Amino acid sequence: MTAGEEAPAGGNGQEPGHPGPWGLAGALALPAAAFAGQLGFFALIGALASVVLLRLEPNLAEHPSDLAEAVQTVSLLPAMAAYAAFTLALVHWSVSRVHRLTLAEGIGLRPVSAGSAWRHAALGSVIALGGLVLIAAFPPDEMEELGGPLTRLASEGGLGYAAWIVLAVVVSPLVEEVLFRGYAYLGARRRLGPGAAGTLVTVLFVAPHMAETGTYWPPLAGITLLAVALARIMERRRNLTLCIAGHLGYNGSLVLASLVS
């Protein structure tokens, strides 16, 4: 094994998923706290944005839809950045302060070779392309309402589209992998074992994405397959860096697809 290459499960006698000492309670409680924080940041920053925009352009009060669109454009990125910082701080506090582990040790964040990172990013890309094929083969019903805040942000173009790209390729792969595969999976695995922990974390991961997809199954299938693959990678390789690479490959491919569509 070359320097920087990840060890396979069982390669050094360490149990896959070790340590995860926060257990199932932490695996459920910390994501819940992170999501509550996300809602709070959206509400607070959105309210501040409304006040500022109305002071700058009082006529927006007569056009609620224009005001809501403007508030979303200027507040979504800072709200997501605040959520990301809050989530990472929660994980760091639990791992380092409460359980006395280094962050890297606790969530399995280790160096990998460039080749391994690219291979896992390619896996994420293949999953994303599969989801896009499903969407092309089974387009949504004309009456079906699709798209949440992020979709609307991207559709605005300009600053909104740039903010969506930043969220997709910088914020989401890091924060979601630290939260789900790094923290929640390892904690749940300690109590439930790999199969049930993977299922639980997949549900926790997919559910928030339904704000964007609704019940439209092709993108949900892609997101679910990504979650299953990343849980499997974490179980077999015990290396969160590879999960981040796979997630980045998935989101990056969706961004590239949006550029050429």
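This section describes the nonpolar cores, aromatic pairs and a surface patch of a predicted model.

The largest nonpolar core comprises 51 residues, and Val91, Val95, Phe205 and Leu240 have the most contacts inside it. At least two residues of this core are supplied by each of helices H1 (23–56), H2 (64–98), H4 (114–137), H5 (149–155), H6, H7 (194–213), H8 (217–237) and H9 (240–260). The greatest contribution comes from H6, with 15 residues. A second, separate core consists of five residues, among them Ala49, Leu53, Leu60 and Leu67.

Six aromatic pairs were found in a search of the whole structure. Phe138 and Trp217 form a tilted pair, with 5.1 Å from centre to centre and 50° between the planes. This pair links distant parts of the chain, since Phe138 is in the loop between H4 and H5 and Trp217 is in helix H8, 79 residues apart. Phe138 is partly exposed, at a relative accessible area of 42%, and Trp217 is likewise partly exposed, at 44%. The ring centres of Phe180 and Phe205 are 5.4 Å apart with the planes at 85°, and the pair is therefore edge-to-face. Because Phe180 lies in helix H6 and Phe205 in helix H7, the pair ties together parts that are 25 residues apart in sequence. Both Phe180 and Phe205 are buried, and together with Phe35 they form one aromatic cluster. Beyond residues up to four places away in sequence, Phe205 touches Glu176, Phe180, Arg181, Ile223, Leu226, Ala227 and His247.

Val166 is located in helix H6 (residues 158–192) and counts as partly exposed, at 36% relative accessibility.

How values were computed: Residues numbered from 1 in each chain as written. Predicted model: local features only at pLDDT ≥ 70, side-chain atom pairs only at ≥ 80, totals over all residues. Heavy atoms only, no water. Helix = DSSP H or I, 4+ residues; strand = E, 2+ residues; numbered from the N terminus. Buried < 20%, exposed > 50% of the residue type's maximum accessible area, 1.4 Å probe, protein only. Core = buried A, V, L, I, M, F, W, Y, C linked by side-chain atoms within 4.5 Å. Contact = heavy atoms within 4.5 Å. Phe/Tyr/Trp six-rings, centres within 6.5 Å; stacked < 30°, edge-to-face > 60°.
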